[in-house]
Amino acid sequence: MLANVLWFLVGLGALVAGAEVMVRGGAKVASRFGISPIVIGLTVVSIGTSMPELAVGVVSAVDGNGALAVGNIAGTNVVNLLLVLGLSALLLPLALQMRTLRFELPVMAGAAVLLWLLVLDGVLTRIDGAVLTVGAVVYTLAVVRTARRETRDVTTEFTTAYPKAQTPDRTALHIGMTVAGIAIIVIGAERLVDAAVGMARGFNVSDALIGLTVVAIGTSAPELVTTIVSTLRGERDIAIGNLLGSSIYNILLILGITCLVPAHGLALPAQLVRIDIPIMVAVALVCIPIFITGRRVSRVEGGAMVAAYVAFLAFLITTQT
């Protein structure tokens with residue numbers, strides 16, 4: 001058991017470090033090819049911080065462990081929307097732009113509901129994966145299109161956070177960072193998944209529970225760091241955009257690609273279909289009134305969200321152990 005815990009920590013560390021290296025390198029490469037800072041922030045960074053979930057999902061799918069793959073996505077989104085967003089609001093109340101209310105928020109809720117409809121039969125097939133992946137492509141194109149009409153203040157915020165590259169001779173280095181980051185993530189995911197399965201067996205709990213809790217919290221580390229740092233710097237649009245963008249990509253792109261891997265789809269346990277994923281959907285839907293009311297997330301609401309996550313963890317532990 002101790003060996004599994006140690007390998008889990010090693011794998012988790014590799015995932016976090018790899019995601020950081022990949023995001024930094026990928027953002028610079030994107031900038032070199034003329035992609036605007038706001039598009040980089042809303043797509044490249046959001047996808048990059050979701051790479052740990054992709055690596056864990058693909059490795060789990062190859063191993064035939066659909067419960068861990070899907071449980072990780074459901075758990076990560078709950079972590080993002082309750083724990084990470086709640087902690088961020090506790091530090092500094094988050095004001096919301098109309099773009100968030102009109103675009104990312106309904107897309108996030110819609111993606112969650114779509115996933116719930118797809119899992120009702122207990123299996124996520126390659127066709128389901130294709131539907132989700134196409135949704136990710138459509139969402140990305142919509143982000144690029146709407147970013148062109150963003151306000152000057154928001155554009156300036158993203159430009160400050162992701163300035164255009166000024167050193168052409170470093171493009172090869174940034175490409176190397178991106179590739180190295182992906183390699184580190186893949187290696188870390190293999191170690192983490194093997195250790196997580198071993199821990200589940202050792203504690204006599206389900207793989208889905210491990211995915212919903214320990215793995216989900218671990219793979220959310222990049223989103224947590226990015227959001228907290230952005231909040232402390234006063235870059236609130238980046239904080240919210242990264243969280244919602246990552247949550248959307250987790251469902252549409254990450255889970256979509258994961259479902260394309262196994263020939264016979266991902267078989268899901270009844271607990272995940274009937275309880276855990278509906279909870280994720282409920283959390284996404286609850287964000288709508290929280291965000292719309294006053295167009296901000298207050299400290300009180302942030303505290304309530306963190307408390308709700310603690311209650312969610314307590315519920316999982318008491319009902320699934």
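The legends below describe close-up views of a predicted model. Local features are given where pLDDT is at least 70 and side-chain atom pairs at pLDDT 80 or more, whereas totals for chains, interfaces and linings use all residues. Residues are numbered from 1 along each chain as its sequence is written, and side-chain values use heavy atoms, with hydrogens and water left out.

**View 1. The largest nonpolar core has 85 residues.** A nonpolar core is a set of buried Ala, Val, Leu, Ile, Met, Phe, Trp, Tyr and Cys residues joined through side-chain atoms within 4.5 Å. Buried means under 20% relative accessible area, exposed over 50%, and partly exposed in between (1.4 Å probe, protein chains only). Leu124, Ile251, Met280 and Phe291 touch the most other members of the core. Helix α4 (residues 66-91) supplies the largest share of this core, 13 residues; helices (H or I, at least four residues) and strands (E, at least two) are DSSP runs numbered from the N terminus. Another core, of five residues, lies apart from it and includes Val23, Ala27, Ala30 and Ile40.

**View 2. Helix α12 (residues 270-292) has 23 residues.** From first C-alpha to last, α12 reaches 34 Å, close to the 33 Å expected at 1.5 Å a residue; the expected span is 1.5 Å times one less than the number of residues. A kink of about 30° lies at aspartate 276, shortly before proline 278. The bend at a residue is the angle between axes fitted to the seven residues ending there and the seven starting there. Among the buried residues of α12 are Asp276, Met280, Cys287 and Phe291. Glycine 294, with a positive phi near 75°, follows the helix.

**View 3. Ring pairs link Phe103, Tyr139 and Tyr249 into a cluster.** Rings of Phe, Tyr and Trp (its six-membered ring) pair if their centres lie within 6.5 Å; planes under 30 degrees apart count as stacked, over 60 as edge-to-face and the rest as tilted. The count by this rule is three aromatic pairs. Tyrosine 139 and tyrosine 249 pair edge-to-face, 5.3 Å centre to centre and with 70° between the planes. Tyrosine 139 is in helix α6 (residues 126-147) and tyrosine 249 in helix α11 (residues 236-260), so their pair ties together parts 110 residues apart in sequence. Tyrosine 139 is buried at 5% relative accessible area, and tyrosine 249 is buried at 1%.

**View 4. Tyrosine 309 and phenylalanine 312 form a tilted pair.** Their ring centres are 5.9 Å apart, with the planes at 45°. Both residues are buried. They are three residues apart in helix α13 (residues 299-319), a separation of about one helical turn.
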